[in-house]
Amino acid sequence: MARTVYYFDMDGVISNFHKEPYKYVNAINREWIANLEPFMYNVDLIRNLIKQGKSVYILSKAASENAKLGKIDWLKKYIPELKSNRIIVIVGSGKKCDYMRTKTGILIDDDKTNINQWVKAGHKGILLKEKGERVAL
């Protein structure tokens with residue numbers, strides 16, 4: 001049986017990207033992104049999965065290289081046990097399913113378009129209907 005692999009989005013799933021003051025200018029501000037409020041119940045879920053030896057990746061999009069660095073800073077702070085080769089941050093456009101590093105995987109995301117593309121590519125997805133919704137696996 002294939003090992004379950006989890007791909008977690010960041011914005012709206014483990015970090016409160018839409019917290020005020022949300023402005024597009026902040027979406028490319030490394031420090032602002034690095035200091036976003038975490039959704040700790042989902043952060044703790046990821047940390048527990050890693051502790052149990054589960055395969056966990058972060059798969060997120062960023063508006064700029066600065067934003068990407070902010071996301072990496074944030075992950076180092078809140079999920080320090082996540083290895084850097086398990087962090088995938090896409091700068092610019094692109095389908096998340098095109099950035100998978102495994103044959104299969106479950107995407108946990110709050111963006112319906114990402115989930116639909118993921119499922120269309122033949123994988124499982126979990127859509128969070130609200131920002132910061134508690135993930136149930």
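I began with helix α4 (residues 112-120), which lies across β1, β2 (55-62), β4 and β5 and runs at about 165 degrees to β5. Angles run from 0 to 180 degrees between N-to-C directions, with axes fitted to C-alpha atoms, for helices over the stretch in contact; contact means heavy atoms within 4.5 Å. Helices (H or I, at least four residues) and strands (E, at least two) are DSSP runs numbered from the N terminus.

The model is predicted: local features need pLDDT of at least 70, side-chain atom pairs count only at pLDDT 80 or more, and totals for chains, interfaces and linings use all residues. Residues are numbered from 1 along each chain as its sequence is written, and side-chain values use heavy atoms, with hydrogens and water left out.

Next I looked up the sheet. Five strands form an open sheet with parallel pairing, in the order β3-β2-β1-β4-β5; two strands pair if DSSP finds at least two bridges between them. The edge strands, each pairing on one side only, are β3 (87-91) and β5 (124-127). From one strand to the next the twist averages 20 degrees.

I then checked one pair. Strands β1 (residues 5-8) and β4 (residues 106-109) pair in the parallel sense over three bridges. Tyr 6 stands opposite Ile 106 in β4.

Last, I turned to Trp 32, found in helix α1 (residues 30-34). Trp 32 counts as buried because its relative accessibility is 15%; buried means under 20% relative accessible area, exposed over 50%, partly exposed in between (1.4 Å probe, protein chains only). The C-alpha atoms of Trp 32 and Trp 74 are separated by 9.8 Å, with the two 42 residues apart along the chain.
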